[in-house]
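Please look over the sequence and the model before reading on.

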Amino acid sequence: MASFDELVGRPDDWTTLFPQQTADPEKQTFELGLALGGTVSAGAYTAGVIDFLIEALDAWQNQAPTPNAPTWKVKLKVASGTSGGGVTAALLARTLSYQFPPIRKDSSQKDQTLNPFYRVWVKELDILKMLTNEDLDAQTIPSLLNPAPLDTCKNLIAHFEQAFPGLSKKKRTYVDNPFPIILTLTNLRGIPYQIDMGGRLSQEYIDHADYQRLAVFSQGLDASYKLRPDELGVSDDFVQAAPGHIHWETAAEYALGTAAFPVGFPLRALSKPVKQLRYRPFVVDDPLDPVKQGTVKWSYLTIPGTTLVNDQYNFLAADGGMVNNEPINLCRQVLAGYVVKNDRAGDEARRAVLLIDPFADKSDLGPKDKQDLFGAFGPLLNAWKEQARYDSRDLYLASNPHIFSRFMITATKLGSIPGGSNIATACASAFGGFLHEDYRRHDYLLGRQNCQQFLRETFCVHAHNPLVKDWVSQNPTDPLIFTGPDNVQSVKLIPLYGACSSDELTVPFPVGRFGSDAHLPPNYQFALTTRIDKLVDKLKNNYLPTKWYEDIYILPIIHSTKEELLKSINSWISDSLKKWGL
């Protein structure tokens, strides 16, 4: 238990934990943060990007020194993620301890099983597994889709060595240890705050835009590192007595929390130390004290009749993308600090945030005419999703070729407009990738190809940047020197060695997997019908009256609605597959 008095006031370590500006990067080091946006099934694309990035950094680390070798290094400092991006961030942090086979077009089935990114996003997350019904044996309806595949992925993360037997341990010098990951969460309970405005005037509010910071010791426990009070430690060498450390099984629950798409998948019951609620900074235009803290209303959380607060704060979490689908700022603050910006010019930049977003393209407008109750549901959902997805400032910075502190990888094909139209998993509101493994495989390989293109053509600094200037003067004709995206002589920051230097191959766009009419085959129809039947039976038995005369009126409505629902789902999927050319 913690007393009310212990928790009141700004923590003594506030300024240290949330500096206006961080210290400069290590000498000859370029720091990189990864911001992994929401994906739904398009996480297969993001996973492919990460797979190639890790392979390229491994190949660089393993390369024998040569006289003209780069004199700088790139270091992964942080990964932030939301929804499917949060799952991939957690998977990345878990995988960094191990050597695993990269996936290419001709990779064997064995390698596909042993690659954690491919296994989770291409092999496991399939709609037929989500339409099974064992979850409906419970008393209540947990969600429209069976979360069993998500729980399987959670167990792959939690019990990694058993899930991926034979993988050897891997030391990666290009990763911070511990490696922080920050997962956005929609906290449905909320955190109660009050802002004092002087005199007796104050404003209370409930903050639902939550996140959890995990310090992952992927390179082994570091006894010299003192955990921050706003983070939880995670490692393969878990020590029960170590304060503030959690098992990987608990960490994986946070990953499922950020991916708990409302209604589609179950909400997740999570817990964190209550003292972490004191560490939620926000920035204001105050030159003397810009990094502020809201005052937690502990009276909302105290045990009735006492001034005591439980040590653990329990809450229900939904998809982080509901309130923050692009966790860029959380990533940027770790690199630069809470007030100061990263240097942006090509001849100054030493840090950057890399946004990996499969969907960075045009969006459709919503309706302009009146809608009935059911007709309004889709536009409301779309408006919520689109508003949470982007901050126009972030998009501008990522797309501006003259800014070298913000980069973006999005789905791109030669001769096509970048964005979701290039990936199969973007169809059916990004749920379409769950329909067929070939959709996910295509997008995974495209992610690898796009990452290679990014490292070859975009991820660079100017040749006069102090990080590379001396090396350029000694190696003026090296292939790493090229004309950058802003038409200035530049240097590629991550060289490609070994297999990474050969062109990444993809597979053709997976057209016609469901025939020319894009109708789901009988096994899909059976699974979908059975799931709907079970849901309707559960709804009728648990939530509707059972008197015979009420059933006379209610049951025909239910069965009619069931038929209409099945017809609508089939039509929605068919129309989307046709729109995507699938």
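In what order do the three strands of the open sheet stand, and with what pairing?

## Basis of the model

This is a predicted model, in which local features need pLDDT of at least 70, side-chain atom pairs count only at pLDDT 80 or more, and totals for chains, interfaces and linings use all residues. Residues are numbered from 1 along each chain as its sequence is written, and side-chain values use heavy atoms, with hydrogens and water left out.

## The open sheet

The order is β16-β18-β17, with antiparallel pairing; β16 and β17 are the edge strands, each pairing on one side only, and the twist averages 40° from one strand to the next. Strands here are DSSP runs (E, at least two residues) numbered from the N terminus, and two of them pair if DSSP finds at least two bridges between them.

Strand β16 (residues 460-462) is joined to β18 (residues 489-492) by three bridges, and His-462 has Ser-490 as its bridge partner in β18. Strand β17 (residues 481-483) also pairs with β18 over three bridges, where Phe-482 stands opposite Ser-490 and Thr-483 stands opposite Gln-489. In the hairpin of β17 and β18, five residues lie between the strands, and Asn-487 takes a positive phi near 65°.

## A residue in strand β4

Leu-188 lies in strand β4 (residues 179-196).

Technical notes:
Helices (H or I, at least four residues) and strands (E, at least two) are DSSP runs, numbered from the N terminus. Axes are lines fitted to C-alpha atoms, for helices over the stretch in contact, and angles run from 0 to 180 degrees between N-to-C directions.
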